[in-house]
Amino acid sequence: VWSVWVLRAQFEVLFLYAGIVKLNSDWLQLEPMAIWMERGAGLPLIGPLMVEPLVVAVATYGVIILHLVGAPLLLWRRTRLAVFLIYAAFHSINHFSFHIGIFPWLTLFGTLIFFEPDWPRRAWRVLSRRTAAVQEGGEGATAAMPAAAAATNRHLVIGMLAAWLAFQVLVPLRHLLYPGNVSWTEEGHRFAWQMMLREKSGFAEFTLTDPASGRVWHPDLLDYLTPRQIRKMATRPDMLLQFAHYLALLQERENNLPGVEVRVMTAVSLNGRPPVAMLNPDRDLAAVPRDLGPADWILPLTEPLPANTFRRLLE
């Protein structure tokens, strides 16, 4: 049954990290949940409730509890169905409220791996009112594997599974090796289950300089990207760096301008903070290598959260 349990372990890692990553200062101060729920203030019936500080607090801390407590309870048969139904409601709300693609449905249906392997047969019997037991077997006996080979295979499988699970547990923690707020710098953000943690918006203006002629100009980003791509890139330092390299390479290949310098002026807001510069505007990003080292061209986030729902709740 190891093949079933490795999938269950994979989902446990997902759910537990979904709760662990929310144990950060902004989330515990109800941001960005308050921002998201405020957008639903105009809904009939439930709209006024969505801006109540206590409701926002219950939603914010409830998500943490759901993941940190609900994930282990999926392993217990007595609580499994109840937790699954709660997860079903949670993922359905996520899908219709935030439009985050396939993830809610993939997670919801993947959670069925925690049930006994014959649950589809038992569910079908209930739905079709069948009472006859499903006949087991019928495939004939399988030849036994020699003891020595079985032991070797078992050790190999255990070693591979241990390495795989260690990878799943350790990779999401790599952002701890970088300075600063991971939601701001994005360093170590991917492949780390940093899901639905931030409300980030901003703009970026690229400035190109030809050191040979001294010419300075600002490219129109719509000549290269869609509005959605521009919006996403403006708040992600690694994408801005990648695009700066692309612009410099494009000038060299198409306009015979080698060594063009690329600088970026940014103004980014994180979880309701006033917009501030995210990147060093004096740094030539075309000369910055794309590697896994800490990015000294990303400015630290020093702007605190403004007066928010959390503080109103404490008043």
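## Rings and cores

The structure holds 10 aromatic pairs, where rings of Phe, Tyr and Trp (its six-membered ring) pair if their centres lie within 6.5 Å; planes under 30 degrees apart are stacked, over 60 edge-to-face and the rest tilted. Take Tyr224 and Phe243: their ring centres are 5.9 Å apart and their planes at 70 degrees, so this pair is edge-to-face. Tyr224 sits in the loop between β2 (216–217) and α10, and Phe243 in helix α11, so the pair ties together parts 19 residues apart in sequence. Helices (H or I, at least four residues) and strands (E, at least two) are DSSP runs, numbered from the N terminus. Ring pairs also link Phe206, Tyr224, Phe243 and Tyr246 into a cluster.

This is a predicted model: local features need pLDDT of at least 70, side-chain atom pairs count only at pLDDT 80 or more, and totals for chains, interfaces and linings use all residues. Residues are numbered from 1 along each chain as its sequence is written, and side-chain values use heavy atoms, leaving out hydrogens and water.

Now for the charges over rings (NZ of Lys or CZ of Arg within 6 Å of the ring centre and within 35 degrees of the ring normal):

| Charged residue | Ring | Distance to ring centre |
|---|---|---|
| Lys22 | Trp27 | 5.4 Å |
| Arg215 | Trp217 | 3.9 Å |

What about the inside? The largest nonpolar core has 29 residues; such a core is a set of buried Ala, Val, Leu, Ile, Met, Phe, Trp, Tyr and Cys residues joined through side-chain atoms within 4.5 Å. Buried means under 20% relative accessible area, exposed over 50%, partly exposed in between (1.4 Å probe, protein chains only). Helix α11 gives the most to this core, with six residues.
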